[in-house]
Amino acid sequence: MSLSYRQRITKYIVYLLLISLAAIIQNTEGLTFEIGGARCFLLLPVAIILGMGEDEYFSAMLGLFGGLIWDLSSSVHFGYNAVFMCIACFISAALVTYIIRNTFITNLVFSLLTVFAYVFIYWLCFIIIKDIKGAELSLFSFYIPSAIYTMAAMPVIWLSLVPIKRKLNKSNNTNYLY
């Protein structure tokens, strides 16, 4: 079922607001729990879940928007989050559009791959290259625990976003549950 122009604009605005809300929760001190110093990277699974099932261009723009918001709160690596999230959302949307079904397991796998790729590439490009003493241990003391924490939160994020996606897409499709 295709959406009218007004319904598409409403969906786009709601998605952007959800990504903005996730950015506020992620980047504001005290709004999320830090477990042993590990932080939850909410923007990654939110952008991936919202982008899956959409066309590749819109999904990439969601990732770009989420990454730009994340980069606004960073003073070190401006642009990394925007580029990474744009590419990750594009790839996941393209795979769902042409190859794989949009199910919970698919969302879980793409979120898992995205989060672990994000922390490893970030650690390699921005921590190890600076050649700081003890930087190699930060992968095990901060980045991997943060990735695990993010993946533990992913089912709750998925359960929160799928009803919103169904409502905005005017869908009664139940293939999200497989």
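Visitor: Which residues of α2 meet which residues of α3?
Guide: In α2, L43, L44, A47, L50 and G51 meet S59, L62, G63, G66 and W70 of α3, where a contact means heavy atoms within 4.5 Å. The residues of this contact comprise six nonpolar, four polar and no charged. For this count, Ala, Val, Leu, Ile, Met, Phe, Trp, Tyr, Cys and Pro are nonpolar, Asp, Glu, Lys and Arg are charged, and the others, Gly among them, are polar. The model is a predicted one, in which local features need pLDDT of at least 70, side-chain atom pairs count only at pLDDT 80 or more, and totals for chains, interfaces and linings use all residues. Residues are numbered from 1 along each chain as its sequence is written, and side-chain values use heavy atoms, with hydrogens and water left out.

Visitor: What makes α2 roughly antiparallel to α3?
Guide: Helix α2 (residues 43-51) packs against helix α3 (residues 56-72) at an angle of about 165 degrees, and their axes lie 9 Å apart. Axes are lines fitted to C-alpha atoms, for helices over the stretch in contact, and angles run from 0 to 180 degrees between N-to-C directions. Angles under 35 degrees are roughly parallel, over 145 roughly antiparallel, 65 to 115 roughly perpendicular, and the rest oblique. The angle therefore makes α2 roughly antiparallel to α3.

Visitor: Why is α2 called oblique to α5?
Guide: The axes of α2 and helix α5 (residues 104-128) cross at roughly 140 degrees and come within 9 Å. This angle therefore makes α2 oblique to α5. On the α2 side, L44, P45, I48 and I49 make the contact; on the α5 side, N107, F110, S111, T114, V115 and Y118 do. Here the residues divide into seven nonpolar, three polar and no charged.

Visitor: How do you know how many helices and strands there are in the protein chain?
Guide: Helices (H or I, at least four residues) and strands (E, at least two) are DSSP runs, numbered from the N terminus. The protein chain has six helices and zero strands, and its pattern along the sequence is α-α-α-α-α-α.

Visitor: Why does the radius of gyration of the protein chain agree with that of a compact globule?
Guide: The radius is taken over C-alpha atoms, and the globule rule is 2.2 Å times the number of residues to the power 0.38. With 178 residues, a compact globule would have a radius of gyration near 16 Å; the protein chain has 16 Å, so the two agree. Its C-alpha trace spans about 55 × 30 × 30 Å along the principal axes.
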